[in-house]
Amino acid sequence: MDRKKPSRWSTCCAQVAAFVRKEGLFFTGDRVLVGVSGGIDSVFLWEVLCALGETLGIEEIIAVYVDHGLRPDQTQAEAAWVRALAARSGRMAIAAALELSVQGASLQERAREARLACLERLATEHHCTRIALGHHRDDQAETLLQRFLRGTGPRGLAGIWPIRDRWVRPLLCLSRSEIQAVFDEQSWTWCEDPTNLKTDYQRNQIRHLLLPLLEHTYNPQLRTHLAHLAWRTRQDEVFFAEQIESLWKAPLCVASGGILCLSLASLRPLAPSLLWRCLQRAIWEVYEATLPEEQIEHLALIVAGQHEAKKASLPAPFCVIRTFASLWFLPPHAFPSQDETTQRIEISKMSIPSQVRTPWGGLFLSDASEPFCGALPHTPQGSAAPLTPYWRNEQRFFHPTALPLEASRTRDLSLPHESSPCKQQASSERLQADSQPKQVDCEGWSVLIPRLEFGDRGACLRTRRVGDIVRLKAGHRSLKRWLVDQHVPVFLRDIWPVLAYEQSVVWLPSIAQPLETESQPCLRLTLQPAPWLVSLQHLFFAEEERQIVEFCWPSLSDVRPKML
């Protein structure tokens with residue numbers, strides 16, 4: 001007796017179940033929010049998840065219908081249809097209405113952004129761990145063609161990812177024709193959106209005109225080949241991302257206070273494909289944005305030393321500066337500007353003990369015999385920030401998600417364009433946190449001032465000025481020349497505080513310290529550094545192996561010593 005041929009429905013269910021397990025889309029106990037527009041794709045997704053829910057260990061499935069306000073004469077009937085669909089399975093259904101912004105990108109793009117934000121919000125409200133969408137293999141082919149036409153790179157050719165954060169797409173293993181065949185077999189119905197048939201939009205033009213033309217004229221299997229190309233490209237992206245992840249630590253990457261530094265010595269040996277991805281990742285970590293390929297190439301030339309500019313020519317808010325040993329990625333307002341650090345603190349006019357607030361932090365003056373009672377500075381622990389992978393919009397920067405779901409769930413994933421406002425801040429908050437701070441010694445942030453010098457010559461805390469000098473054991477040198485020799489980045493030179501007697505600089509907190517004086521009464525001057533100052537100091541010392549330099553005290557007769 002012939003074995004009964006399995007139905008198309010059971011075959012498709014088996015394909016989806018295998019795909020879900022392979023990609024790790026669901027966990028036991030997941031609560032899944034399903035976007036159901038009433039169209040054939042979303043209805044099929046709903047039926048599949050309801051049928052496989054117990055097998056996949058899904059705890060609850062909730063249908064969501066989103067009304068964009070663009071078809072008021074049809075949406076009420078569609079919402080009622082979706083509620084009835086969910087009721088037949090004994091499931092919950094939610095209808096949400098949107099008000100689209102009148103400004104921004106195209107109408108389709110604004111509708112998409114608002115819909116995804118709405119689904120993210122509802123998923124959070126209903127404690128859903130997954131949001132399922134009905135994209136299938138034909139959508140994958142259309143996405144690749146659309147990106148190819150507008151211009152894209154390897155990341156764009158990776159297409160739609162099966163999983164990003166809590167967003168999953170279980171139907172990428174099926175074609176539209178396979179889904180249609182199941183509906184014909186089961187005599188199911190759906191709601192047809194008439195706008196899907198119009199060719200006013202590029203996506204519909206590709207779907208109804210370009211793809212059929214290419215298949216008829218050149219390759220009937222084009223959709224399958226494009227989907228396979230996306231799959232192979234995703235595997236390559238997984239490999240590159242794992243390579244970058246293994247590099248994304250010291251000595252290549254150091255971060256503190258929202259600022260990120262990449263070591264030039266570690267960047268230069270990298271293959272161009274890895275270098276490009278490292279630069280793009282650094283841009284994304286700091287600014288949550290991407291740069292066009294030509295600007296990334298501009299940064300690559302600066303890294304290689306083939307471009308004379310030390311500051312990259314980039315639009316705001318991007319600010320990338322090459323120093324002697326590093327490439328610094330500086331976010332807006334990471335530290336005060338030069339104009340904001342022009343304050344001059346007259347130390348000799350301060351009472352003992354006393355404290356004042358300065359642009360660089362709290363300044364304490366006390367007798368050296370008395371213990372310092374102010375708070376100690378804090379600095380990030382270790383030399384590298386634990387910058388973990390980020391899941392991004394595939395059109396921008398993203399980290400591949402072909403990892404076991406158990407691994408992805410241990411991370412704080414974020415999707416800037418498909419998430420709630422609090423999710424959109426995840427990257428910047430993480431970069432600010434960097435690592436757990438630890439309490440450190442006050443060495444470098446405190447200096448002993450001889451009472452004789454303090455009383456006879458006016459000491460002040462300020463930023464550098466033209467004509468400033470330092471006194472070394474070998475003689476005097478201009479402060480400007482000394483800072484250049486010490487490879488102090490130019491943007492630090494103009495905002496770093498110095499303790500000076502007239503034009504003789506004796507102390508650069510945490511960078512240069514005066515020699516210990518002979519036994520005589522002293523005062524203790526302590527700077528409790530602002531967080532931005534600690535971050536810059538941490539990154540500056542992480543660039544190269546450095547030690548605090550010792551300056552000599554100027555004699556009372558020194559006025560304008562001869563330069564070296």
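Let's start with arginine 464, which counts as partly exposed at 23% relative accessibility; that label covers the range between buried, under 20% relative accessible area, and exposed, over 50%, with a 1.4 Å probe and protein chains only. Its side chain meets that of aspartate 494 in a salt bridge, 2.8 Å from N to O. By salt bridge I mean a side-chain nitrogen of Lys or Arg within 4 Å of a carboxyl oxygen of Asp or Glu. The two partners are 30 residues apart, with arginine 464 in the loop between strands S17 (459-462) and S18 (469-472), and aspartate 494 in the loop between helix H18 (490-493) and strand S20 (498-501). Helices (H or I, at least four residues) and strands (E, at least two) are DSSP runs, numbered from the N terminus.

A word on the source: this is a predicted model, where local features need pLDDT of at least 70 and side-chain atom pairs count only at pLDDT 80 or more, while totals for chains, interfaces and linings use all residues. Residues are numbered from 1 along each chain as its sequence is written, and side-chain values use heavy atoms, leaving out hydrogens and water.

So, how many salt bridges does the structure hold? There are 24. One of them joins arginine 223 to aspartate 138, at 3.0 Å from N to O. That pair links helix H9 (residues 222-247) with helix H5 (residues 137-150), 85 residues apart. Are these two buried or exposed? Arginine 223 is buried at 16%, and aspartate 138 is buried at 6%.

Next, arginine 207 bridges to glutamate 142, with 3.1 Å between the closest N and O atoms. Glutamate 142 is buried, at 0% relative accessibility. Both pairs belong to a salt-bridge network that also includes Asp139, Arg176, Arg203 and Glu215.
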